[in-house]
2 protein chains.
Amino acid sequence: MAETTKAQLIAAAAALLDSGGQAGVTLRAVAERVGVSHNAPYRHFDDRSALLGAVAEEDFRRLQQLFEDAGGETESGAALRQACAAVIGYARRHPARYRLLFSDPGLPPDPGLREAAFACFLTLSRLVARCQTDGVLPEADTVGLSGLVYAAVHGAIDLELGGRASGAKGLGDIDATVALLFDLLRG
Amino acid sequence: MAETTKAQLIAAAAALLDSGGQAGVTLRAVAERVGVSHNAPYRHFDDRSALLGAVAEEDFRRLQQLFEDAGGETESGAALRQACAAVIGYARRHPARYRLLFSDPGLPPDPGLREAAFACFLTLSRLVARCQTDGVLPEADTVGLSGLVYAAVHGAIDLELGGRASGAKGLGDIDATVALLFDLLRG
DNA sequence: GGAATGAGTTGACGCTGTCAACCCCGGCCG
DNA sequence: CGGCCGGGGTTGACAGCGTCAACTCATTCC
């Protein structure tokens, strides 16, 4: 089979997210882009937010893959830095989709989505653990430390994406913020 | 004069944000709550997003006030911690409004809004500077360090609010994350 | 062969943001 | 004093949206 309609709908929604943001993703536009009637999506998703949830789940897996790829680096510090760079690049290339993942209040509490998000975090957490055994990051509860890294990187991304902070040099510059974080954590 | 219609509209929008989230803020509901016709808001705001922008600007000033109040603490470390606790509490009490401030892509690029956001950051930055001179935080570019603190706290809040991360203990717990941050930064 | 099922369609509904036109009252100028 | 005029408010309309209901059609399975 050529690609199921469901998969096409998800891809179309992702594309519209990239080109027109959240507001650009109307069920009718998604349907038209796939070449079906305005009501066809309801055969595959409960409602609009379920479709967005499916996009998010797919993107969480994509993100996890990026983290796993970064794990290929031989030096653990480099691996973690590369993972961070990967999310940052992803967020810059697909801001609306990134925001959908972490900052969207409307997504359904789907267990699949939750699991994908958790797996994503876990992968990053493993990189952090490697850094700890290599002495690149301090000894501390690994989950907590990973949460801190996750939060800092996400926060920096979100602030830059929002653009509400720009105006001061050094603020809203993700790369500088993340670099400083690793610098200070090393002690 | 009793409170201008404009101020009432802003207050009504904020209340609706609290009770029904972003989606609950419809121009018509706001108007009805104030007791005017569904088109009256257009006499005071260009469009829906301009109204939300006004809510955001007001909330940024409120947040700044919280930071300034926290500055009253005698010990600089306690002051910064109190400031963080204040934002966290605010975010928990008004999640939709907090998200509007930092994670909403739809707000207008209004100079007043931008200035309010910047002033807010600046106030926090002063607390960080005090911590540095007191040796509670490491020597480093103050703006950069403030940006890191800002990003970490905001990131932790956003992750908890999103709830996408829950499931792992220690992840998504803002207070623990922030405590760990200050702990590690001290060295 | 007939029932059932899943994907897709058309048509309608109510709600939303927004535009246009009208109204009405207070202050200002001649 | 009369006229005007502008800001705040109103009603009415419009298109676009998510969603529901009913219908069609092909496939599959007893």
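**Reading a pocket and an interface**

Q: Which helix supplies the largest share of the lining of the largest pocket, and how many residues does that share hold?

A: In this predicted model, α1(A) gives the largest share, with six residues. At least two lining residues also come from each of α3 (48-70) and α5 of chain A, and from each of α1 (5-24), α3 (48-70) and α5 (95-103) of chain B.

Q: What classes of residue make up the lining of the largest pocket?

A: The lining consists of 17 nonpolar, 12 polar and seven charged residues.

Q: How much area do chain A and chain B bury between them?

A: The accessible area lost when parts come together is often quoted as the size of an interface. For chain A and chain B the buried area is about 3,400 Å², of which 69% is on carbon and sulfur atoms. Across this interface, 14 residue pairs are in polar contact, while the count of salt bridges is zero.

Q: Which helix supplies the largest share of the side of chain A that touches chain B?

A: That helix is α7(A), with 14 residues. By class, the side of chain A that touches chain B has 25 nonpolar, 10 polar and six charged residues.

How values were computed
Residues are numbered from 1 along each chain as its sequence is written. Chains are lettered from A and ligands numbered from 1 in the order in which they are written. This is a predicted model: local features need pLDDT of at least 70, side-chain atom pairs count only at pLDDT 80 or more; totals for chains, interfaces and linings use all residues. Side-chain values use heavy atoms; hydrogens and water are left out. Buried area is the accessible area (1.4 Å probe) that two parts lose on being put together, summed over both. A salt bridge is a side-chain nitrogen of Lys or Arg within 4 Å of a carboxyl oxygen of Asp or Glu. A polar contact is a pair of N or O atoms within 3.5 Å; within protein, one must be able to donate a hydrogen and the other to accept it, and residues adjacent in sequence count only if both atoms are side-chain atoms. Helices (H or I, at least four residues) and strands (E, at least two) are DSSP runs, numbered from the N terminus. Ala, Val, Leu, Ile, Met, Phe, Trp, Tyr, Cys and Pro count as nonpolar, Asp, Glu, Lys and Arg as charged, and the others, Gly among them, as polar.
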